[in-house]
Amino acid sequence: MPKPPAPTPTPTPTHRLVPSPAGRVHLVEQGSGPLVLLVHGFPESWYSWRHQLPTLAAAGYRAVAVDVRGYGRSSKPVAVDAYRMLDLVADNVAVVEALGEESAVVVGHDWGATIAATSALTRPDVFRAVALLGVPYTPPGGPRPSEVLARMGGGEEFYASYFQQPGRAEAEIEPDVRGWLAGFYAALSAGTMPAPGAPDPHFVGRGGTLRERFPAGPPPAWLSEADLDFLAGEFERTGMTGPLNRYRNMDRDWADLAGHEGAPITQPSLFVGGALDASLAWLADAVEAYPKTLPGLLGSHVLDGCGHFVQQERPEETNRILTDWLTTLPT
């Protein structure tokens with residue numbers, strides 16, 4: 001009896017630097033086929049998609065995970081306003097062009113979800129579909145973001161406001177990047193986040209720090225010591241200012257995108273969130289508005305017992321949802 005053919009091995013990931021408006025974007029690609037661009041959030045890196053790259057490649061896609069501007073080996077402009085949303089959209093477009101492609105599906109998590117959504121909104125000629133992980137789509141417009149954030153804390157300060165003052169969060173994080181990251185990841189992950197009724201790690205007490213509210217104990221189950229070593233090494237080398245500058249441009253983004261106020265994303269879309277992620281509670285109205293804001297929505301999934309880091313906490317389930325959705329898209 002003849003032997004069955006051996007399975008085709010999945011290509012190994014390849015690191016590349018490609019030109020961008022700021023200089024360069026570092027990316028990791030695996031596989032061939034339709035382009036799927038993966039965009040991470042804070043405080044992460046291309047490495048956040050380590051579980052998705054081989055799965056998407058095996059499913060017949062060209063999976064590409066970038067280091068967002070300010071992270072890893074990508075360019076890190078000095079100016080704070082070089083991290084505005086439209087600049088990050090331009091980086092995504094530059095990656096698609098540098099890879100010799102005309103279009104891509106864009107998938108984002110956390111800030112990456114907002115970058116992905118804005119890419120789809122402002123460049124529908126390039127981004128033919130969009131998947132959002134963790135953070136729901138909210139159309140541009142409404143009150144100025146800094147005013148909204150200032151009202152969120154009551155007598156305390158919301159973390160996004162805390163991050164907006166240059167140098168302040170850096171002074172907390174950079175003396176012990178590894179320890180801070182471990183605490184931050186634990187605070188937002190299922191199984192390690194503070195119990196209901198404990199001080200909320202998304203807020204800073206007067207004169208305090210975020211770290212004071214991080215849980216004690218080991219990192220979350222999805223984060224190995226090797227994973228933490230890699231991520232900490234990235235930020236120890238680059239510093240935290242570039243990543244934090246994303247928060248320092250929220251009012252600029254609001255002004256830049258005023259012409260798109262209330263606009264829906266009409267391309268095919270997908271949402272995946274964790275039931276324990278505070279983002280879903282804060283933005284519950286945004287999820288309810290999906291019939292109007294995401295008329296092309298092909299699936300909305302909330303994973304029980306999952307925190308904020310969806311694709312790392314629940315990689316197999318996330319991979320299944322993503323690949324099933326991708327097969328429904330027109331080529």
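Author: Happy to. Keep in mind that this is a predicted model. One spot to begin with is G100, which comes after α2 and has a positive phi, near 75°.

Reader: And α2 itself, how many residues does it have, and how far does it reach?

Author: Helix α2 covers residues 85-98, so 14 residues by the numbering of DSSP runs. From first C-alpha to last it reaches 20 Å, close to the 20 Å expected at 1.5 Å a residue.

Reader: Which of its residues are buried?

Author: In α2 the buried ones are M85, L88, V89, D91, N92, V93, A94, V95 and V96.

Reader: Switching to the sheet: what's the strand order?

Author: The open sheet has 8 strands in the order β1-β2-β4-β3-β5-β6-β9-β10, with mixed pairing. β1 and β10 are the edge strands, each pairing on one side only. On average, neighbouring strands are turned by 20° against each other, direction ignored.

Reader: Which strands does α2 touch?

Author: α2 packs on the sheet and touches β1, β2, β3, β4, β5 and β6, its direction making about 115° with that of β1.

Reader: Now the core. Which residues touch the most other members?

Author: The largest nonpolar core has 96 residues, and F42, V95, V107, F163, W180, L181 and Y185 touch the most other members.

Reader: Is F42 buried or exposed?

Author: F42 is buried, because its relative accessible area is 1% and the cut-off is under 20%. F42 is in the loop between β3 and α1. Beyond its sequence neighbours within four places, its contacts include Y71, F163, W180 and Y247.

How values were computed:
Residues are numbered from 1 along each chain as its sequence is written. This is a predicted model: local features need pLDDT of at least 70, side-chain atom pairs count only at pLDDT 80 or more; totals for chains, interfaces and linings use all residues. Side-chain values use heavy atoms; hydrogens and water are left out. Helices (H or I, at least four residues) and strands (E, at least two) are DSSP runs, numbered from the N terminus. The expected span of a helix is 1.5 Å times one less than its number of residues. Buried means under 20% relative accessible area, exposed over 50%, partly exposed in between (1.4 Å probe, protein chains only). A nonpolar core is a set of buried Ala, Val, Leu, Ile, Met, Phe, Trp, Tyr and Cys residues joined through side-chain atoms within 4.5 Å. Contact means heavy atoms within 4.5 Å. Two strands pair if DSSP finds at least two bridges between them. Axes are lines fitted to C-alpha atoms, for helices over the stretch in contact, and angles run from 0 to 180 degrees between N-to-C directions.
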